[in-house]
Amino acid sequence: MGTFSDSSEETLLVERLDELTMTIEQALINLEEPGIRSFTRDRFSLREYVGNTIASLAEAIATGQPDPYSRQMGWMRSYLRGLGIQSSAAQRVGNTIQDTLKQSLSPSEVKVIQSSFTAGTEVFSTTHWEQSSFLEDDAPHVDVARDYLAALLRARGNEARQVVLDAADRGLTLPEIYLNVLEPVQYEIGRLWEIGKVGVADEHYASGITHLVMAQLYLRFVSLEPKKRTVVCAATDDQHELGIRMVADLFEYDGWTAVFLGARTPVEDVISAVQRYEADLLAVSATLYTSILRIRDMLKRLKASEHASIPVIAGGFIFRQNPSILKDLGIVGSPRNAEEAVKLGNQLVKE
Ligand code: B12
């Protein structure tokens, strides 16, 4: 991937990309492709989609890897397919975005993002790849997970809660329930949404019940004599909270105090929470590629504060997809799941 010798040039390019958002939107609306009208006529979604695509390019520039952009293209291909839009039409959407940018940027700017474009185009030439189910036959406690999912998809919240509470009565531990039941079911719902098999309402309903189940389990399992402290939060503007909530709960299950700030906490407030709650560790979650720049900014400001020495761990869906995405940023580690997060926390902070 091409890079700039000067970071102000990088900032300028990212600003230029932002300015081009409306031009791209218009180019997509003008596309003479009846197949994609279901996508372009919903202006709010189109704006969000173009914004996310531009953000993914900015992430690619910041990290020096084409991966954020090519994954965004892969996601788009799969999402459009869920709307009944063929891959060839989806490819035209991708090409239109790239052509519009090429026409509007200078050759040296295009050079920096060319490898992202190449990787993004390759997504369309591979035979269709679809994420397989997260509830494979050999997954631990898959029967419980399947029963839970089935009840959620029938909007039987009480039944779903009972499935999990019965499993707890049979001796499943909190980490087992979180990592083998709730996490894969949430992923599966995301997969079904991406391929158009369930709608946003199904996802919102399921996530609401999962929150409730977690709160019920928390009261049952969590220890009351905490010793070490961690502040946990999602990257600002990343609204995915369930994963970091699991991280918080499993820290508490292990005897820590976890100060859960959730999503949308401004960076300055995260830093002052670290001070106010005398945290020994900061754990940050990121689900979307657009969160990488936010975490980068948070770490920069943290390093410039009086809490520069606090260890920071990061995790979440994007790190599972690409563990190398945040290298060189001063993060001590990005464990794969909430249980591993606690293990690393215990190695980093001794009593
Ligand atoms: C529920 C959900 C939402 C809910 C979140 C509600 C809530 N209160 O949390 C809402 C509706 C807000 C939402 C919105 C969006 N979502 Co969403 N969402 C999901 C879904 C279905 C489940 C997320 C979840 O609960 N996962 C379960 C938890 C337990 O898993 P986890 O977060 O990975 O956490 C585990 C580990 O990663 C780790 N971990 C997590 N944090 C940390 C931190 C540390 C320090 C460590 C060490 C470890 C760690 O521990 C956890 C337990 O092991 C996912 C599907 C998926 N694959 O995740 C899509 C998904 C993440 N969403 C997606 C999208 C596209 C969006 C939207 C852009 C959609 C839109 N157009 O509006 C918006 C973005 C809004 C925003 N600005 O954040 C895509 C992302 C694609 C991508 N890679 O970019 C996904 C993957 C769906 C899909 N398959 O397409 N979403």
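How many helices and strands does the protein have?

## Model and overall fold

The protein has 16 helices and 4 strands, where helices (H or I, at least four residues) and strands (E, at least two) are DSSP runs, numbered from the N terminus. This is a predicted model, in which local features need pLDDT of at least 70 and side-chain atom pairs count only at pLDDT 80 or more, while totals for chains, interfaces and linings use all residues. Residue numbers start from 1 along each chain as its sequence is written.

Along the principal axes, the C-alpha atoms fill a box of roughly 60 × 50 × 30 Å.

Among the 41 residues around the ligand, Gly190, Gly243, Ser285, Gly315 and Asn337 come nearest; a residue is near a molecule if its C-beta atom, placed from the backbone, lies within 6 Å of it. Elements that give two or more residues to this shell include helix H5 (67-82), helix H11 (200-221) and strand S3 (281-285), but the largest share, 9 residues, comes from H10.

## Helix H9

In helix H9 (residues 157-169), Ala160, Val163, Val164 and Ala167 are buried, meaning that 20 or more other C-beta atoms lie within 10 Å of their own, with C-beta atoms placed from the backbone. They cover an arc of only 85° around the axis, which puts them on the same side of H9, the arc being that of the directions from the helix axis to the C-beta atoms.

The face turned away from this buried side carries Asn158, Asp166 and Asp169, which are exposed (12 or fewer such C-beta atoms). Just after H9, glycine 171 takes a positive phi of about 110°.
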